[in-house]
Amino acid sequence: QKDIYILGIESSCDETAASVVKNGREVLSNVISSQIALHTLYGGVVPEIASRKHIEKINQVIEQALADAHVTLEDITAIAVTYGPGLVGALLVGVSEAKAISFATGIPLVGVHHIEGHISANFIENKELEPPFICLVASGGHSHLVVVKDYGEYEIIGRTRDDAAGEAFDKVARAIGLGYPGGPKIDKVSKEGNPDAIHFPRAAVAENEYDFSFSGLKSAVLNYLNGCQMKGEEINQADVAASFQKAVVDVLVSHSLHAVKAYGLNKFAIAGGVASNSSLRAAFEEECGKRNIAFYHPSPIFCTDNAAMIGVAGYYEYIKGVRSGYDLNAVPNLKL
Ligand code: KG4
Ligand code: ZN
């Protein structure tokens with residue numbers, strides 16, 4: 001049987017990325033041009049700047065991905081591109097580029113859901129992992145608890161009612177003066193802090209036991225900081241970070257394990273930017289270990305936005321026969 005080479009393209013937020021993936025799980029190249037330094041100036045992603053930067057970078061990122069993989073477009077079986085969810089102007093750059101290459105060469109086009117990409121990142125380094133399993137997707141834009149029933153077949157059983165987990169990390173980091181992006185910084189300073197120093201709330205959502213809510217936690221941290229300021233007390237940045245992080249980790253772990261048990265599965269995976277959090281990983285290692293649940297997580301480079309995960313997801317869509325037309329459009333609020 002002929003080898004299948006997928007060119008993955010990702011531009012949904014502030015990473016311009018391209019990758020070549022062979023036969024679904026072998027990453028031949030993974031090029032990521034990050035705009036983080038540019039957006040740090042403004043304390044967050046500025047959509048207009050992101051789109052402009054994607055346009056400047058996308059051609060060279062794709063050329064590099066092909067060169068690193070030692071292939072040319074003639075070897076590519078299909079082009080997989082993220083078409084949502086994300087920033088519309090940013091998504092449009094990748095989608096237009098993918099359509100243009102497809103139109104010029106006749107290589108088939110496959111539109112990919114960004115979250116399906118994040119979940120699929122787990123297949124890269126865990127060759128034995130196969131559905132069904134439960135996946136927690138926690139990033140700057142999403143906090144989803146997903147039952148992965150089969151390749152490309154998902155059921156979202158829990159989601160955030162307000163802020164995403166990564167968003168909470170970013171907002172709290174800003175409030176305690178750590179800057180953007182907050183997740184990695186909180187992760188780092190938390191190692192110096194006491195996670196039991198301050199008790200922050202672990203919010204439950206009455207209507208759905210798998211749903212998350214992080215805005216109350218964020219407010220509790222802000223109230224705590226205001227209280228300290230009014231009383232003239234000094235703030236221990238590391239203690240606040242560690243206590244906040246523990247509150248997030250507790251909720252993510254308890255909801256996830258509850259779902260794994262309720263659905264009678266023994267495999268659990270995490271994905272998305274927050275999945276690189278060291279405390280979250282350690283908690284899952286421990287709790288899954290106790291329960292004989294196999295725990296999977298991608299390396300940090302495949303947790304953050306990248307195109308290898310889009311190539312993997314695109315492979316499974318491609319072999320199912322999914323093809324996109326030249327009317328493929330960017331869908332900022334695309335549903336899984
Ligand atoms: O998946 P991602 O790269 O982009 C989105 O699709 O949103 O996730 C970025 C998010 C940011 O909110 C960032 O602060 C968070 O992931 N993040 C982390 C860590 N590394 C990145 N959060 C907690 N701990 C980390 N180590
Ligand atoms: Zn993402």
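Author: Start with G183. Beyond four places in sequence, G183 touches G166, F169, D170, G273, V274 and N277. G183 itself lies in helix α7. Keep in mind that this is a predicted model.

Reader: What makes G183 count as buried or exposed?
Author: Count the other C-beta atoms within 10 Å. A residue with 20 or more is buried. G183 has 27, so G183 is buried.

Reader: How do you know that G183 and N277 are in contact?
Author: The cut-off is 7 Å between C-beta atoms. N277 is on the contact list of G183.

Reader: Where is N277, and is N277 buried or exposed?
Author: N277 is in the loop between β9 (267-271) and α10 (278-291). N277 has 27 C-beta neighbours inside 10 Å, so N277 counts as buried.

Reader: Which residues does the "binding site" annotation with H114 cover?
Author: In the unreviewed UniProt entry, this "binding site" covers H114, H118 and D305. They span 192 residues in sequence, yet no two of their C-alpha atoms are more than 8.8 Å apart, so they gather at one spot.

Reader: What makes H114 and H118 buried?
Author: H114 has 26 C-beta neighbours inside 10 Å, so H114 counts as buried. H118 has 30 other C-beta atoms within 10 Å, so H118 is buried too. H114 is in helix α4 (residues 114-120). H118 is in helix α4 as well.

Reader: How many residues surround ligand 1, and which are the closest?
Author: There are 20 residues around ligand 1, and the closest are S139, G140, G166, G183 and G273. Helices α6 (165-175) and α7 (182-190) each supply at least two residues of that shell.

Reader: How many residues of each class are in the shell around ligand 1?
Author: The shell has five nonpolar, 11 polar and four charged residues.

Reader: Which peptide bonds are cis?
Author: Two examples. The bond from P131 to P132 is cis, with omega near 5°. P132 is in the loop between α5 (122-125) and β6 (133-138). The bond from Y180 to P181 is also cis, with omega near -5°. P181 is in the loop between α6 and α7.

Reader: What is noted about phi of N23 and H70?
Author: Phi of N23 is near 50°, a positive value in a residue other than glycine. Phi of H70 is near 55°, again positive in a residue other than glycine.

Reader: Why is N23 called partly exposed, but H70 exposed?
Author: N23 has 14 C-beta neighbours inside 10 Å, so N23 counts as partly exposed. H70 has 10, so H70 counts as exposed. N23 is in the loop between β2 (15-22) and β3 (26-34). H70 lies in the loop between α2 (47-68) and β4 (78-84).

Reader: How do you know that the radius of gyration agrees with a compact globule?
Author: With 336 residues, a compact globule would have a radius of gyration near 20 Å. The protein chain has 20 Å, so the two agree. Buried residues make up 50% of the 336 residues. The chain has 12 helices and 10 strands.

Reader: What is the confidence in this model?
Author: The mean pLDDT of the protein chain is 96, and 100% of its residues reach 70 or more. The model scores ipTM 0.98 and pTM 0.96.

Terms used. Residues numbered from 1 in each chain as written. Chains lettered and ligands numbered in written order. Predicted model: local features only at pLDDT ≥ 70, side-chain atom pairs only at ≥ 80, totals over all residues. pLDDT = per-residue confidence, 0-100. UniProt positions renumbered as here; feature names shortened; annotations may be inferred. Helix = DSSP H or I, 4+ residues; strand = E, 2+ residues; numbered from the N terminus. Buried ≥ 20, exposed ≤ 12 C-beta atoms within 10 Å, placed from the backbone. Near = placed C-beta within 6 Å. Nonpolar A, V, L, I, M, F, W, Y, C, P; charged D, E, K, R; others polar. Rg over C-alpha atoms; globule rule 2.2 N^0.38 Å. Contact = placed C-beta atoms within 7 Å.
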